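Dear colleague,

Please find below the structure for your review. My findings follow it, arranged by region.

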Amino acid sequence: MGNRFASGKIAIAECDRCGQQYRLKRLKTEIIKQRKYELLVCPTCWDPDQPQLMLGTFPVDDPQALRNPRKDTTYVTSGVNSNGNPSGGSRDIQWGWQPVGGSSFFDAGLTPNYLVATTFVGTVSIS
């Protein structure tokens with residue numbers, strides 16, 4: 001016994017989204033959230049399955065905490081000298097809104113400011 005359906009080599013079909021006529025073999029099945037729907041759409045209207053719609057489908061294990069955390073002592077041991085001034089340690093960071101030339105009113109004494117701006121302008125010769 002033969003196939004129940006015709007081969008459809010030159011069959012004309014209509015896009016379910018825009019209504020344009022195309023060959024049946026050119027139309028694609030619409031897939032949303034990894035499920036096929038009975039919509040046949042043309043190559044212009046066809047959208048690939050959006051990966052953002054599959055959030056929660058796959059388990060995500062993204063731990064943020066440490067199992068045995070330790071106290072951070074790097075600022076005390078290598079960040080300040082005996083006078084309490086920064087000594088070039090691992091956490092020696094100067095910041096502020098106007099950091100060069102002294103702290104501003106908005107710093108409120110939270111961060112001492114030891115930054116100094118140094119510039120040099122060279123000579124230019126034009127021939």
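A residue is called exposed when its relative accessible area is over 50%. Isoleucine 10, with a relative accessible area of 66%, is therefore exposed. Please bear in mind throughout that this is a predicted model. Isoleucine 10 belongs to the segment that precedes strand S1 (12–14). Although 15 residues separate isoleucine 10 from lysine 25 in sequence, the C-alpha to C-alpha distance between the two is 8.4 Å.

The hairpin

Strand S3 covers residues 28–32 and strand S4 covers residues 35–41; the two pair in the antiparallel sense, with 4 bridges. Together S3 and S4 make a hairpin that has 2 residues between the strands. In that turn, lysine 33 has a positive phi of about 55°. Isoleucine 32 has arginine 35, in S4, as its bridge partner.

Glutamate 30 is part of strand S3. Is this residue, glutamate 30, buried or exposed? Glutamate 30 counts as buried, because its relative accessibility is 3% and the cut-off for that class is under 20%. Leaving aside residues up to four places away in sequence, glutamate 30 touches Arg17, Arg35, Lys36, Tyr37, Leu39, Val41, Trp46 and Asp47.

The nonpolar core

In soluble globular proteins, nonpolar side chains tend to be buried together. In this model, the largest nonpolar core consists of 7 residues, namely Ala13, Cys15, Tyr22, Leu27, Val41, Cys42 and Cys45. One of them, Val41, is also touched by glutamate 30. Alanine 13, another core member, has contacts with Gln20, Gln21, Tyr22, Leu24 and Leu27 when residues up to four places away in sequence are not counted.

The cysteines

How many disulfides does the model contain? The count comes to 0, where a disulfide requires two cysteine sulfur atoms within 2.5 Å. Cysteine 15 is in no disulfide, and the nearest cysteine sulfur to its own, that of cysteine 18, lies 3.6 Å away. Likewise, cysteine 18 is in no disulfide, its nearest cysteine sulfur being that of cysteine 15 at 3.6 Å. As to accessibility, cysteine 15 is buried, with a relative accessible area of 2%, whereas cysteine 18, at 38%, counts as partly exposed.

With kind regards

Methods
Residues numbered from 1 in each chain as written. Predicted model: local features only at pLDDT ≥ 70, side-chain atom pairs only at ≥ 80, totals over all residues. Heavy atoms only, no water. Pairing = 2+ DSSP bridges. Buried < 20%, exposed > 50% of the residue type's maximum accessible area, 1.4 Å probe, protein only. Contact = heavy atoms within 4.5 Å. Core = buried A, V, L, I, M, F, W, Y, C linked by side-chain atoms within 4.5 Å.
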